[in-house]
Amino acid sequence: MKRFFTKNGILLLTAVTIVAVALCIASAVSSGTGFLYNAAGVIASPFRSLGATVSGWVQSVGDHFQSIEALQQENEELRRENARLQADIRQAETDSAENKKLRNILELRKQRRDFALESAHITQQSFSNWSSALTLSKGTASGIAIGNCVVDEYGYLVGIVTDAGLNWSTVTTIVDPESKLGAAVFRTKEPAIVTGELRLLSAGKLRLSYIQGELINGDLIVTSGLGGYYPSDLVIGTVEDVLADDSGMGQYAILSPMTDLDSLSEVFVITAFEVVE
Amino acid sequence: MSQRNALYRWIFYGLAAGLFLLFQNMLLTRLQLWGIHPFLPPILAVMPAVWEDRQESLCAGAVFGLLCDLTIRPPIPCFYVLVFAAAAFLAGLISTRWIQPGFFCALTASLAALLLNGAFYALVFSVRGINDMAASASITGRELLLTLPLTPFVYLLFRHIRRRFPAD
């Protein structure tokens, strides 16, 4: 073996380097997911699913031991929230009827939001501490494509599909340092930019920049939908803190995402959408 | 006999690395402390270099890196090929020139591999305009604190393989 490596070691290393450089070039040239990366993902997919099943089982065993007091407290909070939401619904019904009447008077088109959703299981959480990505159990065979938005069961934005293979896809979450989204403040409809940051990654927070109007803690931030790449009004998060930027002239905000990225097991990919405002 | 042993040794090194990767995927990625989870791959890439030939280890590091590049989403193509080949080379230097092969050699090589991994990430981010050295250092430091305590487990399994299939 040693002799083999002594004789062929440089040759092997050269071969590996050539493959590596070829991969680099192939990846740089192609705009989609490379063939080798796709094939490796297809091969790794069953192992990822197995891993997800086992770790899900371990987690469910752990969840059994959650204390009763914590559950009672959560139940109490949910009752209060339910009561508040019931009140909101009653108000919304009145508003909706009024809105319908006004739209009829002004002859405006009815607002519509049509999403084609594809559900998928998460088979792998972020492997690296330097990025935040999720691997899903479905890919191009199910209509998933690069650039699709991914939401959780409540419709909160999770991230964007950045790689898609035959039966797998990778979602770069909203907290990833390289994530950047057009956003809007729900209360004022003012546009802004939401970005992930390396220093906020571990805390699972986001940064809201290019703020034009006044922000208050708790403001809801949604996708702007400008440019038509992503649907509008997908909930990103809430304003946690408003701070002055380095220049002292402007301000930025720290956002807390609405989705709980650590506890996700199933997500929904928006494969097609139509929004009529 | 020696050739067959070497072949078995490398096969079992590969299987051991696969086992730890499965462990990483199934459990370690979900065990977060300070927002970080332990990251074993750099340690797995350098562990054979503690005992094996430098050239063989470098090749093994590059191949392991290639596998990681294809299965873990790297920040740039061939990121782990570069990092793990460089880390294996460094580990080979440490074991042949500076520290006698053994636990402390493995620990030092692991430390160097994790530092190299952090430095490469910081470099890639700074090239992309995300120039936050304090955040990079913080992630690297926390990753070191969480991952290094796992080195003995990796070391013991690889040492067992080495002893089970000796070179001579």
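## Chain B: overall size

The radius of gyration is taken over C-alpha atoms, and the globule rule is 2.2 Å times the number of residues to the power 0.38. Chain B has 168 residues, so a compact globule would come near 15 Å; chain B has 16 Å, which agrees. Its C-alpha atoms fill a box of roughly 55 × 30 × 30 Å along the principal axes.

This is a predicted model: local features need pLDDT of at least 70, side-chain atom pairs count only at pLDDT 80 or more, and totals for chains, interfaces and linings use all residues. Residues are numbered from 1 along each chain as its sequence is written, while chains are lettered from A and ligands numbered from 1 in the order in which they are written.

Chain B has 7 helices and 0 strands. Helices (H or I, at least four residues) and strands (E, at least two) are DSSP runs, numbered from the N terminus. Along the sequence the pattern reads α-α-α-α-α-α-α.

Of the 168 residues of chain B, 52% are buried (20 or more other C-beta atoms within 10 Å of a residue's own, with C-beta atoms placed from the backbone).

Strands β6 (residues 180-185) and β7 (residues 191-195) of chain A run antiparallel, joined by 5 bridges. Strands pair if DSSP finds at least two bridges between them. A:Leu181 has A:Val194 in β7(A) as its bridge partner. The two strands form a hairpin with 5 residues between them. In that turn, A:Lys189 has a positive phi of about 65 degrees.

β7(A) also pairs with β8 (residues 206-209) of chain A, antiparallel, over 3 bridges. Here A:Val194 has A:Leu208 in β8(A) as its bridge partner.

Methods: A residue is buried if 20 or more other C-beta atoms lie within 10 Å of its own, exposed if 12 or fewer, and partly exposed in between; C-beta atoms are placed from the backbone.
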